[in-house]
Amino acid sequence: ARPAWLALSPQARGEFFEQKIGPLIGALVGRGAEILGCALNNNTGPDRMDYDYMAVWKMPNKGLSDELENAARDAGFNQYFEQVNFSGNLIAPDVMNADMVSLGT
């Protein structure tokens with residue numbers, strides 16, 4: 001969370017999610033997006049990523065994925081939280097491994 005989020009009262013934080021994020025998510029789910037799960041980062045290892053939250057989505061197409069990123073930014077989410085995004089098509093582990101092996105060749 002950024003300092004701007006921490007400066008808000010719990011009531012203002014709740015209103016942000018109720019008024020901005022909830023409707024955004026509802027609209028995307030209504031168009032085929034699925035939230036597969038959310039997690040709190042409890043990794044304590046030396047390679048821990050310095051982010052506290054994760055959401056995993058299944059999108060029907062890349063366009064809706066891009067729309068989610070843009071809508072979250074437009075709603076002011078990035079004003080309150082640092083965010084990184086990762087998207088791609090699901091592939092089998094052997095396909096990913098083969099891609100790693102072929103890097104730089």
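Which residues have the most contacts inside the largest nonpolar core? Here is a short walk through the chain, with that question taken up in point 3.

1. **What you are looking at.** This is a predicted model, in which local features need pLDDT of at least 70 and side-chain atom pairs count only at pLDDT 80 or more, while totals for chains, interfaces and linings use all residues. Residues are numbered from 1 along each chain as its sequence is written, and side-chain values use heavy atoms, with hydrogens and water left out.

2. **Overall layout.** The protein chain has five helices and two strands, in the order α-α-β-β-α-α-α from the N terminus. These elements are DSSP runs numbered from the N terminus: helices are H or I with at least four residues, strands are E with at least two. The C-alpha trace spans about 50 × 40 × 20 Å along its principal axes. Its radius of gyration is 17 Å, whereas a compact globule of 105 residues would have one near 13 Å; the radius is taken over C-alpha atoms, and the globule rule is 2.2 Å times the number of residues to the power 0.38.

3. **The core.** The residues with the most contacts inside the largest nonpolar core are Phe-16, Leu-28 and Phe-77, and the core has 13 residues. Helix H2 (10–30), helix H3 (62–74) and helix H4 (77–80) each supply at least two of its residues, and the largest share, four residues, comes from H2. A nonpolar core here is a set of buried Ala, Val, Leu, Ile, Met, Phe, Trp, Tyr and Cys residues joined through side-chain atoms within 4.5 Å. Buried means under 20% relative accessible area, exposed over 50%, and partly exposed in between (1.4 Å probe, protein chains only). Of the 105 residues of the chain, 14% count as buried.

4. **Around Leu-28.** Leaving aside neighbours within four places in sequence, Leu-28 is in contact (heavy atoms within 4.5 Å) with Ala-33, Leu-64, Glu-67 and Leu-68. Across the chain, among contacts between residues at least 6 apart in sequence, 56% join residues at least 24 apart.

5. Glu-67 is partly exposed at 33% relative accessible area, and Arg-31 is partly exposed at 48%. A salt bridge means a side-chain nitrogen of Lys or Arg within 4 Å of a carboxyl oxygen of Asp or Glu; the count by this rule is four.

6. **Other charged pairs.** Lys-62 pairs with Asp-66 in a salt bridge, the closest N and O atoms being 2.5 Å apart. Both residues lie in helix H3, four residues apart, about one turn of the helix. Salt bridges that share partners also join Arg-48, Asp-50 and Asp-52 into one network. Within it, Arg-48 and Asp-52 meet at 3.4 Å, N to O; Arg-48 is partly exposed at 29% relative accessibility, as is Asp-52 at 40%.
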